[in-house]
Amino acid sequence: MVVDSCLDANGKSVALTYLASLEVDIATQVKLIVATHWHDDHIRGIAQLLREASSARFACSAALRREEFMTLVAADENFVLIEHKSGISEFSEVLRTLQARPGEARTGGPDHWASDGMRLFYHTNPCPVEVYALSPSSQSITDALGGIARLVPSRGQIIRKFPCISPNDVAVVLLVSTEALSFLLGSDLETGRHPRCGWKGVVSSSRLRPRTLSMAYKVAHHGSENADLREIWTDLLTAKPYALLAPFAKGPSPLPSKDDVLRMKRSTDKLYCTAWPPGKSPPRRDNAVERTMREILRSHRATRKTPGQIRLRGSMLGGSESISVGLFDYAVRL
């Protein structure tokens, strides 16, 4: 399974490069691709990945199963985007890829519209493996209708990028479990506006509450406070779980903040981040160059040429004792 997507400096899916290094037959061995939500930083390159993984089923949030969202996707070519790529454009490519598949593999849309309690994958050999969606809730899906409708621009409108629905209650949280291991993948799900939305809906649902606690957690929404509930750590995870962070470096306040890190370290001493600090100071340049950049750019930042990576590996039969952590490029233990 591959969850979400990002591109390297050469415009290639990072997941494709990694799986190829493991000699995975991507066309036959990748069984499921999940787009947890349609924000640009989570979906870039996912159509490229889907083309290569030609036998994989595709899943995305059921909140997108709306006429308004499909209007955005279908009208993508009629809008002028300043940014050359957006989540809408990527999703449009995904649909074209699914429709172009031959024979019985052809589909008019995602194979799974994921929502709370839906089992997306099940396999029994060499031992049972299950993948469940724990969100979005029915209430979150209902609430998303009005938010998506407001995103539809008028024909010919010039827009930099499609705005995000906030708070993000419709992202897909995944539970991956075997007899010996359970991992919680938190996506960008935020806490929720009321008890039936977001993380509040996940932790308060007796029907969805996992039977076993997860020993590893992909931390939600870059470690931001608006995606953190104490009950995630106490009710869904083992004591001192492995916690994996992907930072967000854009904007004036990169995530996670130092306070966010201190808050998470009160729950676990096994906290890892793909790059730290999340923002990176630009190199010193000639004063004239700096002055020109300030005049023409709203903001700018230095970028890393290769993304840091954290690899958490464990035996499906060996439990938590079998887990090992590999850190690559800029990844660190905090």
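Colleague: Which residues are linked with D260 in a network of salt bridges?

Modeller: D228 and R263 join D260 in that network. A salt bridge here is a side-chain nitrogen of Lys or Arg within 4 Å of a carboxyl oxygen of Asp or Glu. Before we go on, bear in mind that this is a predicted model, where local features need pLDDT of at least 70, side-chain atom pairs count only at pLDDT 80 or more, and totals for chains, interfaces and linings use all residues. Residues are numbered from 1 along each chain as its sequence is written, and side-chain values use heavy atoms, with hydrogens and water left out.

Colleague: Okay, so where do R263 and D260 lie?

Modeller: Let's start with the general idea. An α-helix has 3.6 residues a turn, so residues three or four places apart point the same way. Here, R263 and D260 sit three residues apart, about one turn, in helix α10 (residues 258–265). Their side chains meet at 2.8 Å, N to O. Helices (H or I, at least four residues) and strands (E, at least two) are DSSP runs, numbered from the N terminus.

Colleague: Is D260 buried or exposed?

Modeller: Buried means under 20% relative accessible area, exposed over 50%, and partly exposed in between (1.4 Å probe, protein chains only). D260 has 5%, so it is buried. R263 counts as buried too, at 17%.

Colleague: How many salt bridges does a search of the whole structure find?

Modeller: Five. One of them pairs E93 with R51, at 3.2 Å from N to O. E93 belongs to helix α6 (residues 87–100) and R51 to helix α4, so this pair ties together parts that are 42 residues apart in sequence. R51 is partly exposed, at 44% relative accessibility.

Colleague: And what does R119 form a salt bridge with?

Modeller: With E130, the closest N and O atoms being 3.3 Å apart. R119 is partly exposed at 41%, whereas E130 is buried at 13%.

Colleague: Let's turn to sheets. What is the strand order in the open sheet of four strands?

Modeller: Strands of a sheet pair through backbone hydrogen bonds, either parallel or antiparallel. For two strands to count as paired, DSSP must find at least two bridges between them. In this open sheet the order is β1-β2-β3-β5, with parallel pairing. β1 and β5 are the edge strands, each pairing on one side only. Two bridges join β1 to β2 (residues 32–35), and V2 stands opposite I33 in β2.

Colleague: Which elements do the buried residues of α1 pack against?

Modeller: β1 (2–3), α2 (26–29), α4 (46–52) and β14 (309–313). The buried residues of α1 (residues 14–21) are V14, L16 and L19. Just after α1, E23 takes a positive phi of about 60°.

Colleague: One last topic, the loops. What does I323 touch?

Modeller: A contact means heavy atoms within 4.5 Å. Not counting residues up to four places away in sequence, I323 touches L181, F183, M215, Y242, L312, R313 and G314. I323 is found in the loop between β14 and β15 (324–328), and it counts as buried at 10%.
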